Each structure stands twice: as C-alpha cells, then as structure tokens.
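Visitor: I have a model open and would like to learn how to read it. Could we take it feature by feature?

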Amino acid sequence: MEELNTELAQIGVRDGALPLVSCDKQWLDPLSATKADALRQVLQHHSGDRHLVVLQDFPDPDAMSCAWAYKLIAAQYDIDSDIVYAGALSHQENIALVKLTGLPVQRLPLEIAKSKDWSIYNGCVLIDNQGTTSQLFSILKTAQIPLIVAIDHHTIQDELSAEFLDIRPHIRATATIFTQYLMAELLRLDMNVSDHVKCATALMHGLRSDTNQLRQAREDDFMAAAYLSRFYDSQLISSVLQASRSKRVMDVIERSLKNRIVQNNFCIAGVGYLRYDDRDAIPQAADFLVTEENVHTAVVYGIVHDEDDDIELVTGSLRTNKLTLDPDEFIKEAFGKDAQGRFFGGGRSQAGGFEIPMGFLSGSNDSKDFARMKWEVFDLQIKQKLLKLVSPKDDLIHSTN
C-alpha cells in the first residue's frame with residue numbers, strides 16, 4: 001500500500017493517522033451541505049419505502065461503492081434498498097471488490113426484468129448514471145416506477161425528473177459526493193461496524209479508480225479521501241488491487257496492440273468479437289494503449305455478443321491524457337444520436353464510452369465468412385467516424401474496390 005500512503009501523505013494522512021485537516025460538516029462547501037440536507041428531507045419523506053438502486057449495465061467500483069453507501073444511508077430512514085445491474089461484472093478488480101467485501105449487488109438479467117413484478121418497489125434510484133447506460137431503466141419507466149433519487153458526476157446526458165437530483169460534472173467521482181453526504185452526517189461511520197469499514201474501503205477504491213489513483217483529483221476529492229482514510233481497511237483494498245488479469249483480458253489487449261492505428265497522437269483499435277462477460281476487457285485495453293509513447297488518446301472497440309438475448313452491440317471505450325479534449329463532446333460528436341434522440345455514448349473527465357446497437361445485422365454468426373464481413377463493415381464505419389474528428393483534412397481510409 002505504499003502508493004496509496006504516498007497519495008494520502010500529500011493531504012496530511014500518514015501511516016493510518018487522522019488527516020491534518022478537519023473533515024466534518026464545517027469543511028463542506030455550501031452546495032454540498034445544501035444537497036445533503038435536501039437528500040435527508042427526501043429520505044425522511046420516504047421512510048418505510050423499498051427502493052431499487054439501478055446501476056449502469058457494467059458497473060464500476062465508483063458506482064457499486066456509492067450504491068452501497070446509499071443503501072446504508074437509506075436504512076437510517078427505514079428504507080430497504082436492492083442494488084441491481086443488467087449486464088455483467090468482468091473486470092478482475094470489480095469481481096474481487098464484490099467477493100472480498102460482500103458488496104450487496106446482484107445481476108438482474110433483462111429476460112427476468114421484463115416479466116418481474118415491480119409493485120414491491122416504491123421508487124427507483126440512479127447512482128453514477130442517468131439511465132442512458134442502463135437497459136433496466138427503460139423497463140422501470142414503462143412500469144411507471146417513479147424516479148426518486150439520481151446522483152451522478154457525469155455530464156448531463158438526458159432530461160431527468162426526480163425528487164432529488166445531484167449531478168455535478170465538476171466532481172471527479174460519485175464516491176466524492178457520497179463521502180460528502182457522510183461528512184454531513186447522513187450516516188455516522190463506525191469503525192466497529194464491519195459493513196461501515198467495508199463500504200468506506202469500497203468508496204476509497206471507487207474514488208481512486210475514477211481519479212486515476214488521485215492523480216486527477218481536485219480539492220473535494222482529496223478531502224473525501226482524507227475523511228475515508230479514518231475508516232478504510234488498507235489490507236482489504238490491497239487485496240482488491242492485487243487481483244490479476246485473466247487470460248481473455250490479456251488476449252484482448254494483445255489484439256488491440258496488433259490492430260491499432262496511430263494518427264495525430266490518437267490510437268484507434270478494433271478488437272473484433274467478444275463474449276458479453278468479457279466486455280470489461282475493452283476499457284482495460286484502452287487504459288493500456290493510452291500509455292504508449294506519443295499517444296494522448298486511445299479508443300478501443302469491439303462487437304459484444306449477448307448470448308442471453310442473442311443481440312450484438314458495438315461497444316467502445318475512450319481514455320485520454322489530453323486535458324483539452326472533452327471525452328463527452330468527442331464521443332457525442334463522433335457517433336451522434338439514435339432515433340429517439342439519445343446519444344450513443346458520453347463521458348467524463350479523461351474517459352468515455354459508447355454502445356451502438358447493430359439492429360438487423362445483430363445476432364449469432366453461424367457463418368465465419370459472414371461474421372468476418374460484418375466485422376469489417378462495422379470496423380470501417382467506426383474508424384471513419386473517429387478519423388473525421390482526428391484528421392478531418394485527410395482521407396485516411398480508402399475502399400478496396
């Protein structure tokens with residue numbers, strides 16, 4: 001844990017000691033204090049409810065840790081919460097986080113969600129997303145389950161109508177927002193309560209993950225990390241971080257290296273077909289490629305096959321070290337909107353992602369020749385759209401005919 005101790009030493013935390021700054025309510029900025037009070041009032045109003053906490057289809061540590069914090073906070077107001085996602089956990093650190101902490105999150109496949117009786121829930125909650133990255137949210141809207149709370153740090157993606165809305169794109173991690181709620185005493189963490197220690201550990205991991213190990217952190221993030229340092233389990237977070245990459249992830253990284261093209265300091269790589277459970281290999285490959293010399297931005301994409309619904313999606317991730325590049329604007333400009341006016345992707349500071357349904361061409365690929373041709377068409381189209389922004393004056397892709 002030398003790396004984490006070094007990070008925390010920069011903000012006055014050494015060898016597990018309390019931070020040199022006071023991290024209680026007096027250190028909250030007016031906006032954070034106001035938001036915490038507003039959330040308290042909403043939770044008091046919904047005392048006795050049962051809420052469904054909806055995460056993005058492929059939840060990350062920031063999302064899962066914050067959902068757990070919401071569950072613990074809401075329990076103070078006699079609110080029972082179930083945390084769900086529709087996709088998969090495939091990133092090795094995410095799997096380790098859930099297993100080692102007992103984080104109470106569960107997968108809710110779409111085929112089950114479509115026939116589920118939602119009457120047991122009084123409302124739903126969006127954490128670290130705005131519904132655009134969750135297939136479950138549209139089902140809940142159809143079932144007329146009211147949106148009670150939405151808390152996120154990404155750029156505004158869609159119009160949301162919720163009783164409580166806290167969307168702060170200037171904050172680097174949703175874990176920072178939830179830690180501010182803890183600082184405002186929506187929940188008093190107790191070192192003698194196992195779930196409190198484990199949740200604080202998960203929040204620290206989520207905060208570090210979304211701030212690139214605090215290298216992209218701002219004052220609010222550092223203050224949150226200082227507060228969490230009082231409660232987190234350093235050995236537990238070390239075990240999570242030591243989770244090893246699977247062979248399938250290494251294979252995808254190898255494919256990204258083999259297939260990449262570099263233009264104007266952008267690295268673009270298509271990795272072909274992936275199983276649904278291996279989807280998280282795409283952002284890991286992007287994380288790896290952006291470390292290449294003379295590359296400031298990497299985009300990795302592939303066709304992800306969901307065998308349960310027999311559908312396919314073009315899924316991609318962007319990582320950048322260029323401070324003047326806005327991933328949210330870049331992805332939205334590159335891929336545009338669907339027929340309902342919803343963007344195919346978006347982002348936050350230095351990271352983004354996109355998912356594009358394949359429509360009529362989606363489905364199983366019994367013929368290898370057809371699968372190859374389909375990939376070539378989508379690979380070419382994605383590259384064309386990206387290169388129009390990367391090198392607008394160059395005609396970089398030519399037809400073979």
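Guide: Let's start with handedness: a crossing is left-handed if the near helix is turned anticlockwise from the far one by less than a right angle, and right-handed if clockwise. Here, helix 11 and helix 12 make a right-handed crossing. Helices (H or I, at least four residues) and strands (E, at least two) are DSSP runs, numbered from the N terminus.

Visitor: Before we go on, what kind of model is this?

Guide: This is a predicted model, where local features need pLDDT of at least 70 and side-chain atom pairs count only at pLDDT 80 or more, while totals for chains, interfaces and linings use all residues. Residues are numbered from 1 along each chain as its sequence is written, and side-chain values use heavy atoms, with hydrogens and water left out.

Visitor: Back to the pair, then. At what angle do helix 11 and helix 12 pack?

Guide: Axes are lines fitted to C-alpha atoms, for helices over the stretch in contact, and angles run from 0 to 180 degrees between N-to-C directions. Helix 11 (residues 247–259) and helix 12 (residues 281–289) pack at about 50°, and their axes are 9 Å apart. Angles under 35 degrees count as roughly parallel, over 145 as roughly antiparallel, 65 to 115 as roughly perpendicular and the rest as oblique. Helix 11 and helix 12 are therefore oblique to each other.

Visitor: Which residues of the two helices meet?

Guide: Contact means heavy atoms within 4.5 Å. From helix 11 come Val249, Val252, Ile253, Ser256 and Leu257, and they meet Ala281, Gln284, Ala285, Phe288 and Leu289 of helix 12. By class, the residues of this contact divide into 8 nonpolar, 2 polar and no charged. (Ala, Val, Leu, Ile, Met, Phe, Trp, Tyr, Cys and Pro count as nonpolar, Asp, Glu, Lys and Arg as charged, and the others, Gly among them, as polar.)

Visitor: And how many salt bridges does the whole structure have?

Guide: Side chains of opposite charge can pair when their charged atoms come close. The cut-off for a salt bridge is a side-chain nitrogen of Lys or Arg within 4 Å of a carboxyl oxygen of Asp or Glu. Searching the whole structure turns up 15 salt bridges. One of them joins aspartate 278 to arginine 248, with the closest N and O atoms 2.9 Å apart. Aspartate 278 sits in the loop between strand 8 (266–275) and helix 12, and arginine 248 in helix 11, so the pair ties together parts that are 30 residues apart in sequence. There is a network too, linking Arg248, Arg275 and Asp278 by salt bridges.

Visitor: Are aspartate 278 and arginine 248 buried or partly exposed?

Guide: Buried means under 20% relative accessible area, exposed over 50%, partly exposed in between (1.4 Å probe, protein chains only). Aspartate 278 is buried at 10%, whereas arginine 248 is partly exposed at 45%. Another salt bridge pairs aspartate 166 with arginine 168 at 2.8 Å, N to O, and both of those residues are buried.

Visitor: How many residues of helix 7 are buried?

Guide: Helix 7 (residues 174–183) is mostly covered, with 10 of its 10 residues buried. Among them are Phe178, Gln180 and Tyr181. Just after helix 7, glutamate 185 has a positive phi of about 70°. For the protein chain, 56% of the 401 residues count as buried.
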